[in-house]
Amino acid sequence: MGRHPILKGIRIAISVVIAVIVFGFIVKSLWNVLIPPIFGWHTITFWQGIGLLLLSKILFGGFHRHGGGRNRWRQRMKDRWENMTPDERDKFRRGMRCGRGPFTASAETQI
């Protein structure tokens, strides 16, 4: 059987905390190495680095889920295709060509 959902949730939470810490240190380090010498601005702390990371995520990245959507769509279409009769599949293929034959350049040449 599958893994226990509570354990999976704990693993995800730990992974998120570790990722935030690592990316916070990366942002802080990159800021402190690049920005003060180039622009003369002040260095930042770890917490300011996490805040900057969060702010940039909100402004530029959003909080949507990545991936998975296309695979679900593909699986649904595959399931539908497998449940079609041969006549339905043929009708679907004809409909996808918008009335064009397989080797014609445009719809106008067939009319």
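Me: In which helix does Leu30 lie?
Reply: This is a predicted model, and the answer is read from it. The run of residues 5–39 is helix H1. Leu30 lies in helix H1.

Me: Is Leu30 buried, partly exposed or exposed?
Reply: Buried means under 20% relative accessible area, and exposed means over 50%. Leu30 has a relative accessibility of 48%, so Leu30 counts as partly exposed.

Me: How many helices and strands does the protein have?
Reply: Read along the sequence, the pattern is α-α-α-α. The count is 4 helices and 0 strands.

Me: What share of the residues in the protein is buried?
Reply: The protein has 111 residues. Among the buried ones are Phe46, Gly49 and Ile50 of H2. Buried residues make up 9%.

Me: How far does H2 reach from its first C-alpha to its last?
Reply: H2 has 16 residues. At 1.5 Å a residue the expected reach is 22 Å, and the model comes close to that. The reach is 21 Å.

Me: Where do the buried residues of H2 fall, seen down its axis?
Reply: The buried residues in H2 are Phe46, Gly49 and Ile50. An α-helix has 3.6 residues a turn, so residues three or four places apart point the same way. Down the axis of H2, its buried residues line one face of the helix because they fall within an arc of 100°.

Me: Which exposed residues does the other face of H2 carry, turned away from its buried side?
Reply: The buried residues of H2 pack against H1. The face turned away from the buried side carries the exposed residues Trp47 and Leu59.

Me: How are H1 and H2 placed relative to each other, parallel or perpendicular?
Reply: The axes of H1 and H2 come within 8 Å and cross at roughly 100°. Angles of 65 to 115 degrees count as roughly perpendicular. That makes H1 roughly perpendicular to H2.

Me: Which residues of H2 make the contact with H1?
Reply: On the H1 side, the contact includes Val20, Ile21, Phe25 and Trp31. On the H2 side, the residues are Phe46, Gly49, Ile50, Leu52 and Leu53.

Me: What separates the C-alpha atoms of Leu30 and Gly49?
Reply: Gly49 is one of the buried residues in H2, while Leu30 lies in H1. Along the chain, Leu30 and Gly49 are 19 residues apart. Their C-alpha atoms are separated by 9.5 Å.

Me: How many residues apart are Phe25 and Phe46?
Reply: Phe25 is in helix H1 and Phe46 in helix H2, so the pair links distant parts of the chain. Phe25 is partly exposed at 42% relative accessibility, whereas Phe46 is buried at 17%. The two are 21 residues apart.

Me: Which residues form one aromatic cluster?
Reply: Phe46 also pairs edge-to-face with Trp47, at 5.1 Å centre to centre and 70° between the planes. Trp47 is exposed, with a relative accessible area of 66%. The cluster is formed by Phe25, Phe46 and Trp47.

Notes
Residues are numbered from 1 along each chain as its sequence is written. This is a predicted model: local features need pLDDT of at least 70, side-chain atom pairs count only at pLDDT 80 or more; totals for chains, interfaces and linings use all residues. Side-chain values use heavy atoms; hydrogens and water are left out. Rings of Phe, Tyr and Trp (its six-membered ring) pair if their centres lie within 6.5 Å; planes under 30 degrees apart count as stacked, over 60 as edge-to-face and the rest as tilted. Buried means under 20% relative accessible area, exposed over 50%, partly exposed in between (1.4 Å probe, protein chains only). The expected span of a helix is 1.5 Å times one less than its number of residues. The arc is that of the directions from the helix axis to the C-beta atoms. Contact means heavy atoms within 4.5 Å. Axes are lines fitted to C-alpha atoms, for helices over the stretch in contact, and angles run from 0 to 180 degrees between N-to-C directions. Angles under 35 degrees count as roughly parallel, over 145 as roughly antiparallel, 65 to 115 as roughly perpendicular and the rest as oblique.
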